[in-house]
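Hi,

Here is the structure I promised to pass on to you. Have a look at it first, and then read my notes below.

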Amino acid sequence: MLGKLVRITRESVGVPAGSLGLVTKETQMNSYSAVSFEPNPTIIYDVLVCGDSFGSDQRKLRYMACDLEEVVLDKESKI
């Protein structure tokens with residue numbers, strides 16, 4: 001998903017659901033199941049949020065894959 005345009009599906013402080021962003025980094029983390037104590041690899045994505053309202057030039061936030069959907073553009077797409 002690195003370098004992809006994504007739509008953020010979960011709202012957070014200052015970022016409404018449906019906002020667009022660009023994935024700039026992937027980080028693999030290991031969490032552990034409380035039941036089986038087995039490693040559960042998780043990928044966290046750093047997303048550069050487009051058009052934030054804070055007036056900063058760049059704002060990076062971290063999301064899991066379940067909070068993002070890839071935006072596929074074609075000739076008839078409207079963002």
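Let's start with a term: a residue is called buried if its relative accessible area is under 20%, exposed if over 50%, and partly exposed in between (1.4 Å probe, protein chains only). Arg-7, at 24% relative accessibility, therefore counts as partly exposed.

Before you go further, note that this is a predicted model, where local features need pLDDT of at least 70, side-chain atom pairs count only at pLDDT 80 or more, and totals for chains, interfaces and linings use all residues. Residues are numbered from 1 along each chain as its sequence is written, and side-chain values use heavy atoms, with hydrogens and water left out.

**The sheet**

Strands here (E, at least two residues) are DSSP runs, numbered from the N terminus, and two strands pair if DSSP finds at least two bridges between them. An open sheet is built from 5 strands in the order S4-S3-S2-S1-S5, with antiparallel pairing. S4 and S5 are the edge strands, since each pairs on one side only. On average, neighbouring strands of this sheet are turned by 40° against each other, direction ignored; the axes behind that angle are lines fitted to C-alpha atoms, and angles run from 0 to 180 degrees between N-to-C directions. S2 and S3 pair in the antiparallel sense over 11 bridges, and Ser-31 stands opposite Asn-40 in S3.

**The salt bridges**

Side chains of opposite charge can pair when their charged atoms come close. I counted a salt bridge when a side-chain nitrogen of Lys or Arg is within 4 Å of a carboxyl oxygen of Asp or Glu. How many salt bridges does this rule give? The count comes to 4, and here are some of them.

- Glu-69 and Arg-7 meet in a salt bridge at 3.8 Å, N to O. Glu-69 lies in strand S5 (residues 68-70) and Arg-7 in strand S1 (residues 5-8), so the pair ties together parts that are 62 residues apart in sequence. Glu-69 is partly exposed at 39%.
- Asp-67 and Arg-10 form another, with their closest N and O atoms 3.1 Å apart. Asp-67 lies in the loop between S4 (60-64) and S5, and Arg-10 in the loop between S1 and S2 (20-32), so this pair links parts 57 residues apart in sequence. Asp-67 is buried, at 8%, whereas Arg-10 is partly exposed, at 44%.
- Arg-62 and Asp-46 also form one, their closest N and O atoms being 2.9 Å apart. Arg-62 is in S4 and Asp-46 in S3 (residues 39-49), so the parts tied together are 16 residues apart in sequence.

Cheers

Methods: Helices (H or I, at least four residues) and strands (E, at least two) are DSSP runs, numbered from the N terminus.
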